[in-house]
Amino acid sequence: MTKSKIFCGCSAEFGAAPNTRTCPVCLGMPGVLPVLNRTVVEFAVKMALATRCRINLMSNFARKNYFYPDLPKGYQISQYALPLAEKGYVDIETDAGEKRIGLIRIHIEEDAGKLVHDEHMPSSYVDLNRAGVPLIEIVGEPDIRSPEEAALYLRRLHETLVYLEICDGNMEEGSFRCDANISLRPKGREAFGTRAELKNLNSFRHVQRALEYEIKRQAYILESGGEVVQETRLWDDARGVTLSMRSKEEAHDYRYFPDPDLVALHVDEAWIQEVAATLPELPLEKRERFVREYGITAYDAGVLTMTRPLAAYYEEVVRACGKPRPAANWVKGDLLRLLNEDRADIQACPVSAASLGDMICLIEEGAISGKMAKDLIEEMYKTGKSPRTIIEEKGLVQITDEDALARVVDEVIAANPNQLAQYRGGKDKLFGYFVGQVMKATQGKANPQLVNDLLQKRLGP
């Protein structure tokens, strides 16, 4: 989420017309010199701190040499022998309990360009807008044992990056993508088998499906007496298969060497501490606090902390009404349903947290019923009006006058002699029928508890 690329001033924003955000530096023209974007380093330090990595006070940049049509200068500036950060971890919650996944390193590098293939013409085009867009590459230890664990691990990294506001997390635009290495080994053996790499997976679902397929493919080869080839493969989601892309290179194939145009990168402890002071409460910590502080379930806390803005909205609702559990139910239930129907996020929500909190107060005070509130929140969402304004305009105040409701109950019972006879004959389920008739007669405004009490008295033995 930096405004400019890693080594030049070109915009890093996604979506411009092809090749309109390039300059001699990101095109790799002779005689140009890269200048490191300080914000990229700051963002990488944030992620390193959030994943408990050791930050190297001195690191350097290397050239990773290879030819590809979308890499005109023939090398990618990355970090190799001395990365910015090493030896961190993230914790995931599996069905078997919490599991720690180690991180080998976090390093900074530049992105390459993008090839666009014309499906109708035998032509390919090169878009270099992405060349030089900053990346941080997070390399995990081989601690993951199933496609489900891989998906959980990626979700944890994704939510952390988004919480830190260093990545927008948009997988369709390539802001977050995954290369997954997978190898099989017989049970009890320590050495890993030959691995295949699945390249550029850009959705959690794709990762899980691709790994499931790859496990079956490699298992079939090994059980048939064959050998797995070390290679890079692509996932074809439409066909549900992985396809060979190229033989897998080893690090020495890239002829890494220190980039002569960039001096060593030094970060000092004071700056690291300065960055650390800006870290927000991370998702896992927030989830645990919500359970502890608000007494809601771990599942609800997980839903409500999916994004920082959603968590902040929920906390504002709680402050407005003082009722954490009803607030959790309304936010994760009706409100998220309405937002999902519009494919909108909480930042575009027309219902303010103060209004939702006020609506919950009205329920607690008995001014409106839960049924009325469900209609009310729909109206609040459509109009952006406060609950009290809508109640006044539509006359939605709950009927709590016992005498008035008793008259309605008597009328309903008198109008339904057959159902009354059946109920008194033992058909208990008809009690709900009478409740429904009273609610219908009052247009849903009757206090449900009072209706139940009155019917119990009238229909009881």
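Contact, as the word is used here, means that heavy atoms lie within 4.5 Å. The structure is a predicted model, in which local features need a pLDDT of at least 70 and side-chain atom pairs count only at pLDDT 80 or more, while totals for chains, interfaces and linings use all residues. Residues are numbered from 1 along each chain as its sequence is written, and side-chain values use heavy atoms, with hydrogens and water left out.

We can begin with Leu103, which lies in strand 6 (residues 97–110); helices (H or I, at least four residues) and strands (E, at least two) are DSSP runs, numbered from the N terminus. Leaving aside its neighbours within four places in sequence, Leu103 is in contact with a list of residues that includes Thr51, Cys53, Tyr89, Ile138, Val139 and Tyr153. With a relative accessible area of 1%, Leu103 is buried, a word that stands for under 20% relative accessible area, whereas exposed stands for over 50% and partly exposed for what is in between (1.4 Å probe, protein chains only). Asp375 is 272 residues from Leu103 along the chain, and the C-alpha atoms of the two are separated by 49 Å.

Apart from neighbours within four places in sequence, His206 is in contact with Leu201, Trp235 and Asp237.

The next topic is the pairing of strands. Strands of a sheet pair through backbone hydrogen bonds, either parallel or antiparallel, and two strands are said to pair here if DSSP finds at least two bridges between them. Strand 7 (residues 114–117) and strand 8 (residues 124–127) run antiparallel and are joined by four bridges, and these two strands form a hairpin with six residues between them. Within this pair, Lys114 stands opposite Asp127 in strand 8.

Elsewhere, three strands form an open sheet in the order 4-3-14, with antiparallel pairing. Its edge strands, each of which pairs on one side only, are strand 4 (75–78) and strand 14 (257–258). Strand 3 (residues 62–65) pairs with strand 14 in the antiparallel sense over two bridges, and Ala62 stands opposite Pro258 in strand 14.

Finally, we turn to the packing of helices, for which axes are lines fitted to C-alpha atoms, over the stretch in contact, and angles run from 0 to 180 degrees between N-to-C directions. The axes of helix 12 (residues 402–415) and helix 14 (residues 430–441) come within 10 Å and cross at roughly 120°. These two helices are therefore oblique to each other, since angles under 35 degrees count as roughly parallel, over 145 as roughly antiparallel, 65 to 115 as roughly perpendicular and the rest as oblique. Val408, Val409, Val412 and Ile413 in helix 12 meet Phe434, Gln437, Val438 and Ala441 in helix 14. The residues of this contact divide into seven nonpolar, one polar and no charged, where Ala, Val, Leu, Ile, Met, Phe, Trp, Tyr, Cys and Pro count as nonpolar, Asp, Glu, Lys and Arg as charged, and the others, Gly among them, as polar.

Helix 12 also meets helix 15 (residues 448–459), and the axes of this pair come within 10 Å and cross at roughly 55°, which makes helix 12 oblique to helix 15. Among the residues that meet are Leu405, Val409 and Asp410 in helix 12 and Leu450, Leu454 and Arg458 in helix 15. By class, this contact has nine nonpolar, no polar and four charged residues.
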